[in-house]
Amino acid sequence: MKSPDDSAVPAEAAGPKAVSRPPDSPAAGHPRFDRHPSWRIILLFGSAALISFLGCVLMADFLWRLGFNGARLLLLALFCVLFTMLSLGFVHALFGFFILLPNERRGAIPPPEPAPSKKAIPTTAIVFVVFNENVARVFAGLRTIYQSIEREDQLGSFEFFVLSDTRSPDRWVEEEMAWVHLCREVGGFGRIFYRHRRDNENKKSGNIADFCRTWGGRYTYMIVCDADSVMAGADIVRMTRHMEANPRIGILQTAPRIFGAESLFGRVQQFSNGLYGRMFCAGLDFWQCGVGNYWGHNAVIRLEPFIEYCDLPDLPGVEPFGGKILSHDFVEAALMRKAGWEVWLLYELEGSWEEGPQSLIESAKRDRRWCQGNLQHTWLLFSKGLHPFNKFHLTMGILGYCASPLWLMFLALSTWVAIDHKWSGLSTILPAQGFIGEFVHLSMMAHGLLLFGITLVLLVGPKMLAWLLLAVNRGRARLFGGLMRTGVGILIEFLLSTLIAPILMLFHTRFILFMFLGRSVEWKAQKRGADAGTGWLEAITAHWGQTLLAVAWGILAWQTSRMLFWWLSPVLIGLLVSIPLSVITSRPSMGRLLRGKRLLLTPEESAPAKELQDLENAIATAPPALPIPTTSTLAGLTAAVIDPYVNGVHVSLQEASGAGHDENLQALADRMVQEGAEGLSEHEVRRLLSDPQIMIATHRKIWSSAFREVAPHWRRAVEAYRRPLAA
Amino acid sequence: MDVPDQAVGTPDDPAWETGLGGWDEAYARVEAYFSALRIRNKLLLSRLVYRVLKRAADMQRQSGGEPQVLAMQSTAKLVAEWFERVLDVKLPKERIAGRGRLALFLADMPGRWERYFLADPPWPEEFIERMRRSYLNAGPKFQARTMTPRPIELSAIVTGASQTWESLNRTPIIRAMISWTLVTAVVTGLVFFLW
């Protein structure tokens, strides 16, 4: 350990550096990064355009047979947009299938290996961006990555940071102690660092920008990890070597695999990510080449151009559509590319993982944030200088949410068309034969079924293709539970997705509507039931409107036309059962039940990598960071005030960060001592915690005072030390 | 070591003047504090507590005061003095206390060096070195960079729209009127179109 002077005194900020540009000459690295999009774009998007065109023409002809009017014209327009998106997805999967097939036949997809080099990897920062997370989990993940890199004998090139924006005072203190404990256990002092930001301006992107401004000049590369990220040391080393060998690359993004799911909902997401994800990524990488996207974590970034070009500007206007950019990753990729640096997706690497939401409601909450962030990108579609591929990525991100209200409009309009036809009293004789009727001689029913069938192929096709890939690689199939079980898993996933899709459709539509009204959606978390998972009250609160809509819509459809009713039934059923579906799919017991039968299995469950095993062990064996149970009221604050060691650590960290003393806080501190901290706001508690002199004085005061002079909370805390502590 | 029972009946005993009651709480408080410092050995614990209470009794004889308050003051003073000697630094009272406790914790004093806590020299070299080297390095040396956003260049039409949007934001009533007029127009047009 060094003297405090090294870190406490900031070096002079480096003056403006020469503007960084990628080298002009082609990269000398792996040929994988030497591909260019040109013909690939034409092939992939041409295929998608062809399928879209055929589908749209079929639909147009179908509506022509019914007779065109304003409503049907609008219906066709909506269908064309939605069908085009479906075609794009299908084509990505199809291309991905053909790209992966040769390697699957050989039994494995080898990760592209960088050219061997004796040069040391330049110093790289691995940053964990934390905001009110489960502290034990964060530090277990950090330990896992640390030890994984240590096994590669490359620890000398990496430094680790926990960049905390945690607002909860208790978690803040817990993080500090967890950091110290970890450093002591792995000998990480001087290599694992902790920084807590006093204010979380600009949220995650601001957190990273603050790191760049403070320590950015020290590192060549930065690997960004979320609180739930895990990465294998071997792949981290591989990625940084690729960056070294390919000096044009600005960002190298992995395709993280979901792991650790327990609930049925989580395991379905995990299964579909594991089974289909790689195929879609292969298709995506096929055409985007060096104009890929950045997903905010599990990626390595070249710091110099990132600092130079990727600080986020404010958007015109204010939130929700303007102001600070919320979804920063897509924009950072676009800005990097605008400056000439390449962004690649290295989907072949298997040592990259993240956790996913465990319930429908948690997923919707996450979508709420992402929806607003993505819709903000609309401004950037009109900005100058961004690469067209990046604008395409932004558009897809926007449409990913806007498709929901479009789909809802499509369904509503279809219902209207049926109602209008019924109540108009018009005959059922078709005004026109159309091309299909006249030349192919299909009846209307058959025509409709043809359209339905094609749509189903586009929806289900990728799943079948993924299953086929397993069929040629039996070793990998065993990791998913075998071919038969995978097939059953696909069916389960398909059924659940069908039921969940309309629920998400309504959630997304509501988010967008509220955004246009300038309102943010308040979502107060309810208490959970005895098992982890969504409680019934929370589910009813979230889904009652959807259930009512399903009942009303179902009655209307039934009264209008049986055919309309049955056509809408998959949507209506999903909405009708949204409440029990939300609850049941959130239960870990349901997930465990299927896992016991080896259904929805993934390689992360059947043959977990060493890192995932280490993570599980680390979480299970992690000693408590605080000497007070974290379930106790104000555990972190209490420990920081009462415990001599926690107080010493916390005060030392505040002093090192340059925190000063605020005389005005003394009255607040006295109130806390006499009346307890329960009446203080989080902000007030943070202010007290941020003042080292106050913390030392309060520690001394409470220990020295008679019990009658302090609040009962402090008395209990002091008396707890009369009982033996854990070491 | 003097056994507490034996010492009760002598002028050196903390309870000689005031009786046992007040010193009971003092004992418990000091013991709790040393327990908080993770001193586990019961014999060592009682010796340390007795040593503190003896000093507190002396203080009380000189200037009076509550036993418990004096005992904790005595504890703080004793510990701070010991920190100064071990760390070989002169710091203000508040800083030496925090600095010393941090050093104790990082040097794993409770685990390895418990017997040397508050003990007189000589101390093992390794113990001294670990105590004096114990600092928290929460971050490496700063190497700052300037990171500033480049403004987005929007097309002329969008720039005009954004300026209009921002001026509307400053007049929420007009913005609401325009918004509702647009919504009504769209809905009316839609109904007309569909009907």
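1. A salt bridge here is a side-chain nitrogen of Lys or Arg within 4 Å of a carboxyl oxygen of Asp or Glu. Across the interface of chain B and chain A, the rule finds 6 salt bridges. The elements of chain B that each supply at least two residues of the side touching chain A are α3 (20–36), α5 (67–87), α6 (93–106), α7 (109–112), α9 (156–169) and α10 (172–194). Of these, α6(B) gives the most, with 8 residues. Sorted by type, the residues on that side of chain B are 30 nonpolar, 12 polar and 15 charged. In this sorting, Ala, Val, Leu, Ile, Met, Phe, Trp, Tyr, Cys and Pro count as nonpolar, Asp, Glu, Lys and Arg as charged, and the others, Gly among them, as polar.

2. Before going on, a word on what you are looking at. This is a predicted model, in which local features need pLDDT of at least 70 and side-chain atom pairs count only at pLDDT 80 or more, while totals for chains, interfaces and linings use all residues. Residues are numbered from 1 along each chain as its sequence is written, chains are lettered from A and ligands numbered from 1 in the order in which they are written, and side-chain values use heavy atoms, with hydrogens and water left out. Helices (H or I, at least four residues) and strands (E, at least two) are DSSP runs, numbered from the N terminus.

3. How much surface do chain B and chain A bury between them? The figure is about 6,800 Å², and 62% of it is on carbon and sulfur atoms. Buried area is the accessible area (1.4 Å probe) that two parts lose on being put together, summed over both. In terms of contacts (heavy atoms within 4.5 Å), 57 residues of chain B touch 83 residues of chain A.

4. Now for chain A as a whole. Its secondary structure comes to 28 helices and 10 strands. The radius of gyration of chain A is 28 Å, close to the 27 Å that the globule rule gives for 727 residues, so chain A is as compact as a globular protein of that length. That radius is taken over C-alpha atoms, and the globule rule is 2.2 Å times the number of residues to the power 0.38. Along the principal axes, the C-alpha atoms of chain A fill a box of roughly 95 × 65 × 55 Å. Among contacts in chain A with a separation of 6 or more, 83% are between residues 24 or more positions apart.

5. Buried means under 20% relative accessible area, exposed over 50%, and partly exposed in between (1.4 Å probe, protein chains only). By that rule, 57% of the 727 residues of chain A are buried. Helix α23 (residues 635–642) of chain A is mostly covered, with 8 of its 8 residues buried. Its cover includes α5 (169–186), α24 (644–656), α25 (666–675), α26 (682–689), α27 (692–704) and α28 (712–719) of chain A.

6. Two single residues show the contrast. T585(A), in helix α19 (residues 578–585) of chain A, is buried at 2% relative accessible area. Leaving aside neighbours within four places in sequence, T585(A) is in contact with S263(A), L264(A), F265(A), Q358(A) and L496(A). V57(A), by comparison, lies in helix α2 (residues 38–66) of chain A and is partly exposed, with a relative accessible area of 41%.

7. Back to charged pairs: a search of the whole structure finds 44 salt bridges over all chains. One of them joins R32(A) to D285(A), with the closest N and O atoms 3.0 Å apart. This pair links distant parts of the chain, 253 residues apart: R32(A) is in the loop between α1 (5–8) and α2, and D285(A) is in helix α8 (residues 264–288). Both R32(A) and D285(A) are buried.

8. Which residue forms a salt bridge with R151(A)? The partner is E611(A), with the closest N and O atoms 3.5 Å apart. R151(A) in helix α4 (residues 135–151) and E611(A) in helix α22 (residues 610–621) are 460 residues apart. R151(A) is partly exposed at 41% relative accessibility, whereas E611(A) is buried at 9%.
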